[in-house]
Amino acid sequence: MTLVLSILVCASLLPALTAAGTVYTRWGSKMCSSSGATVYSGYVAGSWYTHTGSGANYLCLTPNPVASNVTKPYYVASLYGAEYEVTTRAENDQDAVCAVCFVKTRSVNIMIPGTNKCPTGWSSEYTGLLMSGYDGHAGSTEFICVDSKLEGRNSSSANNNGRLLYLVAGYCGSLPCPPYLNNYILQCVFCSK
């Protein structure tokens, strides 16, 4: 019976494994590149920037949430919107947006930090700036490639904090300089093939 069940489960996954296309999140933009279809545009979210627990990753939340009927227990993980902390730019304190994108003609994707160019044979979906949480905050975050436009939600510069996005600078030492430059903001590119 177990073997039959395993075969049925694997067979049910076959269409998903053989489907053409790749899905990625475009952070900092409401739209996908011209080669991709926008599955949905949403809001960047994560745990509170000073909390030591909860999730470390960023999420692209749907603009059309459906409430659950699950009774809230005493302890929960909290989720907040994200905003840009870029004091040298007009987008400072704006709430970050995102888009989930599907490219039918390609099968894989990769984010490459430290450059704005894709390897030979790969196509650029977007270029951006490497961003993450701040070194001095208690909560860890991942590094993400945010579209260089740093698009924000309209009328959203109220400085409500939540999950915060800071530009990333490279520092020489164990990071080799050259080729990197000390204390420079790092670019990134999102590539597909």
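A residue counts as buried when its relative accessible area is under 20%. Trp27 has a relative accessible area of 9%, so Trp27 is buried. The model that holds this residue is a predicted one.

Start with the aromatic rings. A search of the whole structure finds 8 aromatic pairs.

Tyr58 has another neighbour. Arg163 lies over the face of the Tyr58 ring, at 5.5 Å from the ring centre.

Now turn to Trp48 and Tyr49. Their rings form a tilted pair, 5.4 Å centre to centre, with 40 degrees between the planes. Trp48 is partly exposed, at 23% relative accessible area. Tyr49 is buried, at 18%. Elsewhere, ring pairs link Tyr24, Tyr126 and Phe190 into a cluster.

Next come the charged side chains. Side chains of opposite charge can pair when their charged atoms come close. The search of the whole structure finds 5 salt bridges.

Among them is Arg26 with Asp147, whose closest N and O atoms are 2.5 Å apart. Arg26 lies in strand β1, and Asp147 in strand β8, residues 144-147. This bridge links parts of the chain 121 residues apart. Both Arg26 and Asp147 are buried.

Asp95 forms a salt bridge with Arg153, with 2.4 Å between the closest N and O atoms. Asp95 is in the loop between β4 (80-84) and β5 (97-103), and Arg153 is in the loop between β8 and β9 (163-167), so the pair ties together parts 58 residues apart in sequence. Asp95 counts as buried at 13% relative accessibility. Arg153 counts as partly exposed at 36%.

Glu125 and Arg106 also meet in a salt bridge, at 2.6 Å from N to O. Glu125 lies in strand β7 (residues 123-132) and Arg106 in the loop between β5 and β6 (109-113), so this pair ties together parts 19 residues apart in sequence. Both Glu125 and Arg106 are buried.

Notes:
Residues numbered from 1 in each chain as written. Predicted model: local features only at pLDDT ≥ 70, side-chain atom pairs only at ≥ 80, totals over all residues. Heavy atoms only, no water. Phe/Tyr/Trp six-rings, centres within 6.5 Å; stacked < 30°, edge-to-face > 60°. Buried < 20%, exposed > 50% of the residue type's maximum accessible area, 1.4 Å probe, protein only. Lys NZ or Arg CZ within 6 Å of the ring centre and 35° of its normal. Salt bridge = Lys/Arg side-chain N within 4 Å of Asp/Glu carboxyl O. Helix = DSSP H or I, 4+ residues; strand = E, 2+ residues; numbered from the N terminus.
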